Amino acid sequence: MEDVIVKDKNDRVRRIQHVEPIKGTVRFADRGALTPEELADQYLAKVAPIYQIESESLANLSSKARGAPTRSETQLHRSYVKDIAGNYVVDYSQSYRDVPVWRAGFSVHIANEPMRVTSSTSNLHHEIELGNDPEEAARQLENLTPDVVSELLGLGNDRKVSVINGINLV
């Protein structure tokens, strides 16, 4: 039986379900040789062309997005590993210009005994265009006060924002 590949309306691969993994491929690992993260990283590099992921996007998998704008293009960052009853999900988040992209990422599902990739899923954004300069947006955030937020939200004098607890660009 062959792998099941699901594509979106733009003919981009969004999911691969490995029905019968083939021994000797990147889908298998000797338990002592690779961690789930290492297997997922290898697998992601192997399937990146299928998912139309640029190889440059994989350069900093173990780093986190800074959350402050830079001129770097799209990057993937390993965000977490979940152990679910002995099986693993390794998730990667997407950033653009070092700012996280809202709800965009890639997941690798790994079964144990023997350790192998069983599926992968992508909800990456491929053609990101910003309507503003992220560095200018970061400068504007420095001037964001509770009064400015209250005005932007259209709140009256009786209901104002009193404190800003944190700011994150996405």
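Which strand of the protein chain has the lowest confidence, and which has the highest? I start there, since what we have is a predicted model, in which local features need a pLDDT of at least 70 and side-chain atom pairs count only at pLDDT 80 or more, while totals for chains, interfaces and linings use all residues. Residues are numbered from 1 along each chain as its sequence is written, and side-chain values use heavy atoms, with hydrogens and water left out.

To come back to the opening question, confidence in the protein chain is lowest in strand β3, residues 28-29, with a mean of 51, and highest in strand β2, residues 13-17, at 96; the scale here is pLDDT, the predictor's confidence in each residue, from 0 to 100. Over residues 22-27 the pLDDT is below 50, and this stretch has 15 contacts in the model beyond near neighbours in sequence, a contact meaning heavy atoms within 4.5 Å. Where pLDDT is low, the predicted coordinates should not be read in detail. For the protein chain, the mean pLDDT is 84, and 88% of the residues reach 70 or more.

Now to the overall layout. The protein chain has three helices and seven strands, and from the N terminus on they run β-β-β-α-β-β-β-β-α-α; helices (H or I, at least four residues) and strands (E, at least two) are DSSP runs, numbered from the N terminus. Of the 170 residues, 35% count as buried, where buried means under 20% relative accessible area, exposed means over 50%, and partly exposed is in between, with a 1.4 Å probe and protein chains only. The accessible surface comes to about 10,700 Å², and 49% of that belongs to carbon and sulfur atoms, the areas coming from the Shrake-Rupley method with a 1.4 Å probe, where for residues only the protein chains shown count as cover. Among contacts between residues at least 6 apart in sequence, 45% join residues at least 24 apart.

Let me turn to strand β6, residues 99-111, where Phe106 is found. Phe106 counts as buried because its relative accessibility is 1%. Leaving aside neighbours within four places in sequence, Phe106 is in contact with several residues, including Leu44, Val47, Tyr51, Val90, Tyr92 and Leu124. Of these, Val90 is 16 residues from Phe106 along the chain, and their C-alpha atoms are separated by 8.4 Å.

With a relative accessible area of 3%, His77 is buried. Not counting residues up to four places away in sequence, His77 touches a set of residues, among them Asn60, Ala65, Asp91, Ser95 and Asp98. Ala65 itself is found in the loop between α1 (36-47) and β4, and is partly exposed, at 26% relative accessibility. Besides His77, Ala65 touches Ser95, Asp98 and Pro100, again not counting residues up to four places away.

What about the backbone? Most residues other than glycine have a negative phi, and most peptide bonds are trans. Against that background, Ala85 has a positive phi, near 55°, and sits in the loop between β4 and β5, where it counts as exposed at 79% relative accessibility. Arg103 also has a positive phi, near 55°, but its place is in strand β6, and with a relative accessible area of 67% Arg103 is exposed. A cis peptide bond joins Glu113 and Pro114, with omega about -10°, and Pro114 lies in the loop between β6 and β7 (115-122).

The largest pocket has a volume of about 260 Å³, and of the 16 residues that line it, the closest to its centre are Glu54, Ser57, Thr74, His125 and His126. On a 1 Å grid over the protein atoms alone, a pocket is an open set of points where a 1.4 Å probe fits, with protein on both sides within 12 Å along at least five of seven lines, and lining residues have an atom within 4 Å of a point. Grid points are joined across faces, edges and corners, and a volume is the space filled by probe spheres set on the points. Strands β4 (74-84) and β5 (87-96) each supply at least two residues of the lining. The lining divides into five nonpolar, six polar and five charged residues, where Ala, Val, Leu, Ile, Met, Phe, Trp, Tyr, Cys and Pro count as nonpolar, Asp, Glu, Lys and Arg as charged, and the others, Gly among them, as polar.
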